[in-house]
Amino acid sequence: MKPILELESARLLMRPWRDEDLPEFAAMSADPQVMRYFPALLSRLESAALIGRIRGHFNEYGFGLWALERKDTGAFIGFTGLANVSFDAPFTPAVEIGWRLARRHWGLGFASEAAWTSLRVAFGQLNLDEVVSFTAQCNLPSEKVMQAIGMQRDPWGDFDHPRLPRGHELERQVLYRINRDQWRETLHG
Ligand SMILES: CC(C)(COP(=O)(O)OP(=O)(O)OC[C@H]1O[C@@H](n2cnc3c(N)ncnc32)[C@H](O)[C@@H]1OP(=O)(O)O)[C@@H](O)C(=O)NCCC(=O)NCCS
């Protein structure tokens with residue numbers, strides 16, 4: 001299948017990563033508020049490595065975490081998109097939907113807008129049966145995005161993140177799911 005490198009929503013371009021995105025991405029990934037629900041801030045080198053891994057995912061699977069650009073200002077504001085879950089858990093193999101935005105662009109509906117577009121790709125083009133999302137139990141802003149795009153919490157899905165040390169405050173995660181039929185219902189409901 002042809003790689004899906006570029007998408008468009010009402011206010012956003014979802015596009016391939018550029019080397020020029022690194023300064024802003026490194027700044028947001030070193031912002032303690034943006035990274036509040038992650039185990040550590042990222043150094044500039046770690047942010048660059050993450051961009052490399054995201055590009056690698058696009059090369060391998062033809063989809064991934066798209067760089068988000070505001071159409072009105074041209075600013076790079078973060079990422080939203082789809083990724084294969086990279087660890088073993090009761091719900092894997094699975095494709096997850098995820099997001100991270102720079103703080104000054106929060107609360108404007110951008111994460112939800114890009115997430116809707118990602119779901120359209122997941123079900124409309126990639127023909128996936130289901131998409132999952134998960135986050136630390138206390139990350140309510142992220143859970144709100146999951147709910148906003150019609151995902152439902154799996155009440156039996158809570159799990160301990162295998163990449164976090166035992167007893168870490170972010171270890172316990174909530175799991176949300178949406179399948180193709182539920183997605184269709186959100187479109188017509
Ligand atoms: C999670 C995040 C992407 C939300 O981005 P956003 O663009 O502000 O989200 P939206 O504007 O699309 O809002 C979606 C919903 O979340 C709510 N929301 C957004 N920020 C919120 C906050 N800080 N507290 C509570 N609710 C919040 C919105 O009100 C909206 O709910 P509604 O549909 O009921 O109105 C952003 O806060 C972020 O980048 N956080 C840090 C990275 C992160 O934690 N990523 C997820 C890791 S799993």
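A contact means that heavy atoms lie within 4.5 Å of each other. Keep that in mind as you tour this predicted model. Counting contacts with a separation of 6 or more, 63% are between residues 24 or more positions apart in the chain.

**Stop 1: the whole chain**

Show the chain as a cartoon. It holds five helices and nine strands. Follow the elements from the N terminus: they run β-β-α-α-β-β-β-α-β-α-β-β-β-α. The radius of gyration is 16 Å, close to the 16 Å that the globule rule gives for 189 residues, so the chain is as compact as a globular protein of that length. The trace spans about 40 × 40 × 30 Å.

The accessible surface of the chain comes to about 9800 Å². Carbon and sulfur atoms own 52% of that area. Of the 189 residues, 51% are buried.

Next, colour by charge. The chain has 22 positive and 24 negative charges. How far apart are the mean positions of the positive and negative charges? They are 3 Å apart.

**Stop 2: Ile97**

Select residues 95–101. This is strand 5, and Ile97 sits in it. Is Ile97 buried or exposed? Its relative accessible area is 1%, so Ile97 is buried; the cut-off for buried is under 20%.

Show what surrounds Ile97. Leaving out residues up to four places away in sequence, Ile97 touches Gly81, Leu82, Ala115, Ser118, Leu119, Val131, Val132, Ser133, Ile149 and Met151. Now draw a distance from Ile97 to Phe134, C-alpha to C-alpha. These two are 37 residues apart in sequence and 8.5 Å apart in space.

**Stop 3: the aromatic rings**

Show the side chains of Phe, Tyr and Trp. The whole structure has 14 aromatic pairs. Select Trp17 and Phe79. Their ring centres are 6.3 Å apart, with 50 degrees between the planes, and the pair is tilted. Which parts of the chain does this pair link? Trp17 lies in the loop between strand 2 (12–15) and helix 1 (22–28), while Phe79 lies in strand 4 (residues 76–84).

Keep all four residues on screen: ring pairs link Trp17, Phe25, Phe76 and Phe79 into a cluster.

**Stop 4: two backbone details**

Zoom in on Thr92 and Pro93. What kind of peptide bond joins Thr92 and Pro93? It is a cis bond, with omega at about 0 degrees. Pro93 lies in the loop between strand 4 and strand 5.

Jump to Asn127. This residue is not a glycine, yet its phi is positive, at about 55 degrees. Look for Asn127 in the loop between helix 3 (110–125) and strand 6 (130–136).

**Stop 5: Val34 and Arg103**

Select Val34. You will find it in the loop between helix 1 and helix 2 (44–61). With a relative accessible area of 8%, Val34 is buried. Beyond residues up to four places away in sequence, Val34 touches Met28, Arg100, Leu101, Arg103 and Trp106. Draw a distance from Val34 to Ile149, C-alpha to C-alpha. They are 115 residues apart in sequence and 21 Å apart in space.

Finish on Arg103, one of the residues that Val34 touches. Arg103 is in the loop between strand 5 and helix 3. Its relative accessible area is 38%, so Arg103 is partly exposed. Which residues does Arg103 touch, not counting those up to four places away in sequence? They are Asp31, Gln33 and Val34. Arg103 and Gly78 are 25 residues apart in sequence and 9.5 Å apart in space, C-alpha to C-alpha.

Terms used. Residues numbered from 1 in each chain as written. Predicted model: local features only at pLDDT ≥ 70, side-chain atom pairs only at ≥ 80, totals over all residues. Heavy atoms only, no water. Helix = DSSP H or I, 4+ residues; strand = E, 2+ residues; numbered from the N terminus. Rg over C-alpha atoms; globule rule 2.2 N^0.38 Å. Buried < 20%, exposed > 50% of the residue type's maximum accessible area, 1.4 Å probe, protein only. Areas by Shrake-Rupley, 256 points an atom, 1.4 Å probe, with all protein chains shown as cover. Lys, Arg positive; Asp, Glu negative; His and termini not counted. Charge placed at Lys NZ, Arg CZ, Asp CG, Glu CD. Phe/Tyr/Trp six-rings, centres within 6.5 Å; stacked < 30°, edge-to-face > 60°.
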